[in-house]
Amino acid sequence: MKRIIAACGFAAMLAFSTGAEAAKGPELTYTINLNDRADDRFKVTLDVKGLKPGNDIFQFAATAPGTYQTMDIGRFVEGFKAYDKKGRELEAKQISTNQWQLSKPEKVRKITYSIAETFDTKVEKDQIYAMCGTSLEQDHALINGQAVFGYLRGLQATPARIKLDHPKEWLVGTALSSDKNGYFQASSYDHIVDSPIMAGQLTKAETKYNGTTIDIYTYSKTGKIKSQDLMTNMTAMLESAHKFVVDFPVDRYTFLYHFEDQDWGAWEHSYSSGYVMKEKDYTPEYAQQLTNIAAHEFFHIITPLNIHSEIIEQFNFVQPTPSQHLWLYEGTTEWASHIMQLRSGMKSLPAYLADTRQKLMIDDQLDKSYSLQKLALTSYTPEGHKQYFNIYNRGALVSTLLDIRLLELSGGKRGLREVINELSKEYGPKKAFPENEFFEVFTAKTYPEIADFMNRYIKNAEPLPVASYFGKLGINYDAATSTGNKVKGFGYAIGAPGGVLSLTQVGEEMQRAGLQPGDELVALDGVAVSLGNANQVLPKLSTLNIGDSYTFTIKRNGEQKDIACKILSIDEVKKHLFEVNEQATPQQVALRTNWMQNL
């Protein structure tokens, strides 16, 4: 999943092959009444038949794949009831935040409840990221499965049907297939969570690409952005992706775009991806931003759809369990989304190096002693959340260096792209790699030297050898150069650990002003600021000059206070500069050529 709030980012997906192989079990049919939208609550009915005593717990999701946040969807549920075949109510009591216990599950034929949409529901903590949440308005509905549906204990892998009752003029977009009666078919609860749904006043565009059907469904609040505009701009990216992976491993893929008032980012799935972005003019710059995000999400058809461990394949919705290979699922995907554009000619070498520079600058703002493996294993904790965004920066940088090293060792013939494609064919959606043995698996497929690379830069957090590795390509790198000039500075870094907009780093001068690391940002000059509007409110700071004053309202230990701040004067230091070496050796030029054209 990819977030676009400053210094905060995420990304996610799971395979769901277990459901397709499940033995015939109870019949499960969910119905959502989208005709009743008056109170921002989804009205859900589950018709069931064939429950057993062991199916006595109805479970709502505590989290969802790839979000790395506590969701506790049970917080949004009201009016949970169970009925027998004659419509008589049976006892059902809530026993924890996310669990309801059925007194006589074998007699239950119907379960009903309402569940609040997450966009407009205020919570004290653990705000649901919008691209993973739900919206219910008069002209549309956005449904992410884990935020609307629950499942019965023992039936996570059981197939289910979904019926949407909605205005007849509405269009429905989802990667789920429907039967002749309009029921959407899911092979399991995991499949439901892996298949977001958007319905309403949407536009649609469709194209066939090398045997794969590409659908785009778009909700745009005032109609500024149309699906066909997005499809037209995405064509070159799809061509690049096809060359990169050789053949798309899916026969259908669906993009769901939600353009309204908030800029959040995207959440990827096996056969689709959902985007919650701010509606604004569809300029070339905005089109490129959307394409970059789509390239990242689309590449997830390779990993983790086709390359994943058993932890991803069999997701635990009750107790979050992290995988140590987030560097593969997100870091490698972010690397691929940019390198495939370079190699296809969509992106110039200077533009690619500028992207790399930006990732290095973000890496500077985070804890460089925090390894990618540790980041993955602590991703559900407050400590891990503070560093999570770096999976898209240091994670992508490590993949960049790994690719260069593999090309060097193979004489320019076999880089990270080739290894990833080989692993995709060896494993695939229905075969997981061993979580605790994958480093050895990867090394065995490549070179002994790669074990040392992984020990240094994935399992541990040694300084990245950017200069020496780009030097192999005949590209010079300067980590920092002072210009002697003075420029304005803020003296802090802003992130969103745990989904809370806050200060992740504070320099000495701003600490003297009264700011502290961990302060939650409440307002800027009296204007409320949150994750949802940070991209609109915080840019005001960039318009101020050295010495200009402003006020942050912060929350610390439950108390709010105003802190008077000023724009600082700091020494200008240009960091992470790349330049092609005009005196590169023939060997360096040859490796650079292979690196830039490796498709």
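Lys280 lies over the face of Tyr286, 4.5 Å from the ring centre. A charge counts as over a ring if NZ of Lys or CZ of Arg is within 6 Å of the ring centre and within 35 degrees of the ring normal. Arg161 is placed over the face of Tyr183, at 4.0 Å from the ring centre.

This is a predicted model, in which local features need pLDDT of at least 70 and side-chain atom pairs count only at pLDDT 80 or more. Residues are numbered from 1 along each chain as its sequence is written, and side-chain values use heavy atoms, without hydrogens and water.

Rings of Phe, Tyr and Trp (its six-membered ring) pair if their centres lie within 6.5 Å; planes under 30 degrees apart count as stacked, over 60 as edge-to-face and the rest as tilted. The count comes to 43 aromatic pairs. Two of the pairs are set out below.

| Pair | Centre to centre | Angle of planes | Class |
|---|---|---|---|
| Trp327 and Phe438 | 6.3 Å | 35° | tilted |
| Phe470 and Trp595 | 6.2 Å | 85° | edge-to-face |

Trp327 lies in helix α6 (residues 326-344) and Phe438 in helix α12 (residues 438-445), so this pair ties together parts 111 residues apart in sequence. Helices are DSSP runs (H or I, at least four residues), numbered from the N terminus. Trp327 is buried, at 2% relative accessible area, and Phe438 is buried at 0%. Buried means under 20% relative accessible area (1.4 Å probe, protein chains only).

Phe470 belongs to helix α14 (residues 466-471) and Trp595 to helix α17 (residues 586-597), so their pair ties together parts 125 residues apart in sequence. Phe470 is buried at 1% relative accessibility, and Trp595 is buried at 0%.

Definitions and conventions:
Helices (H or I, at least four residues) and strands (E, at least two) are DSSP runs, numbered from the N terminus. Buried means under 20% relative accessible area, exposed over 50%, partly exposed in between (1.4 Å probe, protein chains only).
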